[in-house]
Amino acid sequence: MEQNQQNGQDIADSQAASAEARVRLMNELKSSIDAAEGWLQQGDESDGAGAASSTSDSAARQQFNATLQTARTDLQQLQQSLKARSRSVARSTDAYIHDNPWKSVGIGAAVGLAVGLLISRK
């Protein structure tokens with residue numbers, strides 16, 4: 001029984017770490033996209049003040065802008081996918097708890113006991 005509880009805890013820990021990594025990745029990607037858009041706007045403003053930009057610069061800017069738009073769209077799709085998956089996991093957890101209420105209570109008590117033991121050691 002302890003082995004099953006440990007496996008369940010290991011799975012929960014890895015899922016939490018994975019979720020945290022995804023959130024961190026999404027935040028970093030958002031930050032990178034925002035920074036790149038800022039650089040693109042700054043470049044547009046500085047070009048407006050000086051000489052006209054060449055056609056190759058203009059084409060590169062358009063391609064860069066298109067790439068940014070694609071990245072932003074992909075990020076939005078990733079966020080929607082993660083939300084849908086989170087909802088699915090929540091529904092599955094809820095169904096498991098309703099189907100196995102005493103197991104759930106036992107697992108909760110075991111986790112609470114383990115946390116209490118770890119805290120009391122400090």
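This is a predicted model: local features need pLDDT of at least 70, side-chain atom pairs count only at pLDDT 80 or more; totals for chains, interfaces and linings use all residues.

Biologist: What makes residues 101-121 count as helix α3?

Modeller: A helix here is a DSSP run of at least four residues, numbered from the N terminus. Residues 101-121 form helix α3, and serine 104 has its place there.

Biologist: Why is serine 104 called buried?

Modeller: Buried means under 20% relative accessible area. Serine 104 has 18%, so serine 104 is buried. Leaving aside neighbours within four places in sequence, serine 104 is in contact with Tyr96 and Ile97.

Biologist: How many of the chain's residues are buried, as a percentage?

Modeller: Buried residues make up 7% of the 122 in the chain. The chain exposes about 9,700 Å², with carbon and sulfur atoms supplying 56% of that.

Biologist: What makes a set of residues a nonpolar core?

Modeller: They have to be buried residues of the nonpolar kinds, such as Ala, Leu, Ile or Met, joined through side-chain atoms within 4.5 Å. The largest such core has seven: Met26, Ile33, Ala36, Leu40, Leu68, Leu75 and Leu82. Helices α1 (2-49) and α2 (55-99) each give two or more residues to this core, and α1 gives the most, with four.

Biologist: Which residues does leucine 75 contact, sequence neighbours within four places aside?

Modeller: Leucine 75 is in contact with Met26, Leu29, Lys30 and Ile33.

Biologist: And how far apart in sequence are contacts in the chain?

Modeller: Taking contacts between residues at least 6 apart, 72% join residues at least 24 apart.

Notes:
Residues are numbered from 1 along each chain as its sequence is written. Side-chain values use heavy atoms; hydrogens and water are left out. Buried means under 20% relative accessible area, exposed over 50%, partly exposed in between (1.4 Å probe, protein chains only). Contact means heavy atoms within 4.5 Å. Accessible areas come from the Shrake-Rupley method with a 1.4 Å probe; for residues, only the protein chains shown count as cover.
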